[in-house]
Amino acid sequence: MSGLFKKFPVIHGSKLKEMIDNEPDTLFIIDLRSPDKYSEGHIPCAHSIPYGNFDEQLNTIPKDKTVVLYCEAGIKSPLIVQKMKNKGCSGVYSLGGLQQWPYELTVN
């Protein structure tokens, strides 16, 4: 698994937390998990765009913000980061799986 992440821009949980605390308006965080998983708990400010619906929602993602994606186990988010990079998006990072976020989750 670690070889996979070397190919993708990664952001660490502590850096993301710092950005949420200090500059939240510059971020667009995407939770790729199912809506049920999202409602059980997600990173503050995260938007739910399930992996299976991502292609349909790609044009709704702001191009002037830093985009951070995460999923359940850290497998799907790097794939989407690569897809976005291939479409010319910059400022896109993978957190990996939700386990990389050791902080409190928001529950809906």
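1. How many bridges join strand 3 to strand 4? Five bridges join strand 3 (residues 66-71) to strand 4, and the two run parallel. Strands here are DSSP runs of E with at least two residues, and helices are runs of H or I with at least four, both numbered from the N terminus. Two strands count as paired if DSSP finds at least two bridges between them.

2. A note on the basis of these remarks. The model is predicted, so local features need pLDDT of at least 70 and side-chain atom pairs count only at pLDDT 80 or more, while totals for chains, interfaces and linings use all residues. Residues are numbered from 1 along each chain as its sequence is written, and side-chain values use heavy atoms, with hydrogens and water left out.

3. The sheet is open and is formed by four strands in the order 2-1-3-4, with parallel pairing. Its edges are strand 2 (47-48) and strand 4 (92-97), each of which pairs on one side only. Strand 1 is joined to strand 3 in the parallel sense by five bridges; I29 has V68 of strand 3 as its bridge partner.

4. Strand 3 is largely enclosed by the rest of the structure, because six of its six residues are buried (buried means under 20% relative accessible area, exposed over 50%, partly exposed in between, with a 1.4 Å probe and protein chains only). In a regular strand, side chains alternate between the two faces of the sheet. In strand 3, T66, V68 and Y70 point one way, whereas V67, L69 and C71 point the other way.

5. S94 is buried, because its relative accessibility is 0%. The side chain of S94 makes a polar contact with the side chain of S77 at 2.8 Å (a polar contact is a pair of N or O atoms within 3.5 Å; within protein, one must be able to donate a hydrogen and the other to accept it, and residues adjacent in sequence count only if both atoms are side-chain atoms).

6. The aromatic rings deserve a separate remark. One aromatic pair is found in a search of the whole structure. W101 and Y103 form this edge-to-face pair, with 4.9 Å centre to centre and 70° between the planes (rings of Phe, Tyr and Trp, the last by its six-membered ring, pair if their centres lie within 6.5 Å; planes under 30 degrees apart are stacked, over 60 edge-to-face and the rest tilted). W101 is buried at a relative accessible area of 6%, whereas Y103 is partly exposed at 32%.
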